[in-house]
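Please read the following briefing alongside the sequence and the coordinates.

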Amino acid sequence: MATVEAIASEQPRAGKQDRTPPVTLTRENNTTEALFARYRQGEPLRPGPLAKILHCLPDDEAAQARDVIRLAQENFWADWAPWRCGLAGEGKPGFDDVMRFLPGTGPFARDFVNPQKGDLVVDLFGGTGTLATYFTAEQRRTMAGYITIDQNGQLKQTAEAIIGKAGVRNGHFLAQDLGRGLPSEIRNVIRKIDPDQVLFVSNFGMTYLPAQEFQQLAGDCFSPEFTLGRPTTLNIHMLRDGRFDPVSCKEHFMSEIVPRNILKSPAAVVRAIRAVKRMTQFGFDVQDVNPVWYPRETTRFLTEIGLSVIRRDETLVWGQSIAMEAVPA
Ligand SMILES: C[S@@+](CC[C@H](N)C(=O)[O-])C[C@H]1O[C@@H](n2cnc3c(N)ncnc32)[C@H](O)[C@@H]1O
């Protein structure tokens, strides 16, 4: 199949180069139907758009395409994850230097996920577990534990240090390609921690999976095989348009965040400003190798496997993201 082979032969090391995708993805040209039509006409799709049609391809083409997508994503995250998952104020200015000022992650963690005493938080695609630092001191003190799961095993040491520093008990890092579902070790950790409830959380991660992998993982979160029958919920925070709108973000940042914080913490604001350029590049590159799903599509995937979205919040990150909670229908 020439289309998939063409893509395989020109795999870039994403993040290492200054390149934006040739076509800006929109709700119209990035539908699965539109992408599938382009693919059938012989257009060589980049791995991200290809991931959006993976579930529509015949088995042999899908197997080949899956390998291409996995490799591209692995390379992409190996390059970007350390920058993307670092803690604000440490190392070179990074993503979290901006996120700490943005309205989204804090309210998602504290108010939307809102772990209660005895709850275990399982952070899917959690990187170095920076989400743990966004809960209130009371939530961090009383939750039963916090597990971050990420395919990049090199993040383990940093993750465990960040979780420990956040004052959360029972912090764990599990290395797993979540495209293959939950890791079986999670059973042992849940048995040991013995939580009242398991809150699965994904802060900008799960929606980077192709459809079938997304559904497999969401299904695992409610399977007693992994949860030992504990009550669970799945809380997904994702971008409404697949990526931040860099122009709008920059405007909000300069007109709201900078004036409010420049005198209070000038060094932190300067770090954030320095991180924005790279963040914009990340925003473009991320859609090149990852599918860009929209809220209605993820809602459909969840519904198809018997889950129901019982809560939504579209006000986070200046209306650019959406949080949703899914439970069995
Ligand atoms: C956008 S970052 C989000 C990190 C964290 N949730 C946060 O908000 O800071 C995505 C993370 O997902 C991880 N990742 C990407 N694909 C993965 C996969 N198939 N399985 C597990 N982790 C993956 C990357 O290594 C990266 O750390």
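Is Val317 buried or exposed? Val317 is buried, because 23 other C-beta atoms lie within 10 Å, where buried means 20 or more such atoms within 10 Å of the residue's own C-beta, exposed means 12 or fewer, partly exposed lies in between, and C-beta atoms are placed from the backbone. This is a predicted model, in which local features need pLDDT of at least 70 and side-chain atom pairs count only at pLDDT 80 or more, while totals for chains, interfaces and linings use all residues. Residues are numbered from 1 along each chain as its sequence is written.

**Helix H15**
- Val317 is placed in helix H15, residues 316–319, and has a phi near 45 degrees, a positive value in a residue other than glycine.
- Trp318 also lies in helix H15, with a positive phi near 50 degrees, and counts as partly exposed because it has 17 C-beta neighbours inside 10 Å.
- Most residues other than glycine have a negative phi.

**Overall fold**
- The protein comprises 15 helices and seven strands, which are DSSP runs numbered from the N terminus (helices H or I, at least four residues; strands E, at least two).
- Buried residues make up 45% of the 329 residues.

**Domains and their contact**
- The domain assignment, from an automatic or database source, gives domain 1 (2–10 + 26–84) and domain 2 (95–242 + 288–328).
- The C-alpha centres of domain 1 and domain 2 lie 25 Å apart, and their contact takes 19 residues from domain 1 and 15 residues from domain 2, two residues being in contact if their C-beta atoms, placed from the backbone, lie within 7 Å.
- On the side of domain 1 that touches domain 2, helix H3 (47–53) and helix H4 (59–84) are the elements that give two or more residues, and the largest share, 10 residues, comes from H4.

**Ligand surroundings**
- Both domain 1 and domain 2 give residues to the shell around the ligand, so the ligand lies between them.
- Of the 20 residues around the ligand, Phe125, Gly127, Gln151, Leu178 and Asn203 come nearest, a residue being near a molecule if its C-beta atom, placed from the backbone, lies within 6 Å of it.
- H4 gives the most to this shell, with four residues.
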